[in-house]
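Welcome! Please keep the sequence and the 3D view at hand as you read.

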Amino acid sequence: MLRASDSSDADDDPSLEAIVGLLFLLTADLRQRFTDRAALFDLSFAQAMALRELDDPLPMRDLADRLCCDASNVTGIVDRLEARGLVERRTVAGDRRVKHIVLTEAGRAVREEHRQGFTNDLPLLHDLTPEDRRQLAVLLRRSVGEGRTSV
């Protein structure tokens with residue numbers, strides 16, 4: 001369990017355990033805020049994440065990979081989003097078996113409103129200087145692997 005003394009600003013060389021504890025606290029907080037914000041749009045966490053990942057049309061398999069879940073789970077997620085008119089399935093020219101998931105205009109609007117509200121609800125990030133944000137982005141990209149995320 002993370003103790004307050006583990007995350008002290010005075011600690012010039014925090015232990016790896018302290019850093020891991022802080023990352024867990026941060027990710028738990030982000031996930032809860034994201035989930036709470038998604039609920040305002042009557043979306044589950046997984047549905048909101050799917051909308052977030054659909055910058056470009058994606059095959060179902062790729063969306064499943066990005067959501068770190070089985071393709072069968074994505075089918076249900078996409079079914080519910082499609083029923084609400086937020087996404088649509090499109091066949092790919094040359095291979096009718098492959099379905100790309102595409103945001104509709106309504107889906108783009110919901111995603112954008114969710115994104116704006118979510119990022120506006122993160123005072124910690126707003127308190128960072130531009131240089132702090134740059135350094136944080138560099139460290140986070142390095143920690144997840146440069147090509148793994150679209151951030």
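## A place to begin

In which helix is Q47 found? Q47 is found in helix 2. At 7% relative accessibility, Q47 counts as buried (buried means under 20% relative accessible area, exposed over 50% and partly exposed in between, with a 1.4 Å probe and protein chains only). Leaving aside residues up to four places away in sequence, Q47 touches D42, I77, R80 and L81; a contact here means heavy atoms within 4.5 Å.

A word on the source: this is a predicted model, in which local features need pLDDT of at least 70 and side-chain atom pairs count only at pLDDT 80 or more, while totals for chains, interfaces and linings use all residues. Residues are numbered from 1 along each chain as its sequence is written, and side-chain values use heavy atoms, with hydrogens and water left out.

## The overall layout

The protein has 7 helices and 3 strands. Helices (H or I, at least four residues) and strands (E, at least two) are DSSP runs, numbered from the N terminus. Read from that end, the elements follow the order α-α-β-α-α-β-β-α-α-α.

Of the 151 residues, 25% count as buried. Among contacts between residues at least 6 apart in sequence, 44% join residues at least 24 apart. The accessible surface comes to about 10,300 Å², and 54% of it belongs to carbon and sulfur atoms; such areas come from the Shrake-Rupley method with a 1.4 Å probe, and for residues only the protein chains shown count as cover.

## How confident is the model?

The predictor's confidence in each residue is given as pLDDT, from 0 to 100. The protein averages 87, and 89% of the residues score at least 70. Confidence is lowest in helix 6, at a mean of 81, and highest in helix 2, at 96. Over residues 1-8, pLDDT stays under 50, and the model has 8 contacts beyond four places in sequence for them.

## The nonpolar core

A nonpolar core is a set of buried Ala, Val, Leu, Ile, Met, Phe, Trp, Tyr and Cys residues joined through side-chain atoms within 4.5 Å. In the largest one, with 24 residues, L43, L51, L63, L81 and V87 touch the most other members. At least two residues of this core come from each of helix 1 (16-39), helix 2 (45-53), helix 3 (60-66), helix 4 (71-83), strand 3 (95-103) and helix 5 (105-120). Helix 4 gives the largest share, 4 residues.

Take L63 as an example: not counting residues up to four places away in sequence, L63 touches A50, E53, L58, V74, V78 and I101.

L16, I19, L23, L26, L124, L125, L136 and L140 make a nonpolar surface patch of about 700 Å². Patches are made of residues with over 30% relative accessible area and no salt bridge, where like charges are joined within 9 Å and nonpolar side chains (Val, Leu, Ile, Met, Phe, Trp, Tyr) within 5 Å.

Helix 1, helix 6 (123-126) and helix 7 (130-144) each supply at least two residues of the patch, and the largest share, 4 residues, comes from helix 1. One member, L16, is found in helix 1 and counts as exposed at 68% relative accessibility.

## Two loop residues with positive phi

Most residues other than glycine have a negative phi. D42, which is not a glycine, has a positive phi of about 60°. D42 sits in the loop between helix 1 and helix 2 and is exposed, with a relative accessible area of 62%.

C68 also has a positive phi, near 55°. Its place is in the loop between helix 3 and helix 4, and at 64% relative accessibility C68 counts as exposed.

## Salt bridges

Side chains of opposite charge can pair when their charged atoms come close. A salt bridge is a side-chain nitrogen of Lys or Arg within 4 Å of a carboxyl oxygen of Asp or Glu, and by this rule the count comes to 11.

R33 forms a salt bridge with D29, with the closest N and O atoms 2.9 Å apart. Both lie in helix 1, 4 residues apart, about one turn of the helix. R89 pairs with D79, the closest N and O atoms being 2.6 Å apart. This pair links distant parts of the chain, with R89 in strand 2 (residues 87-92) and D79 in helix 4, 10 residues apart.
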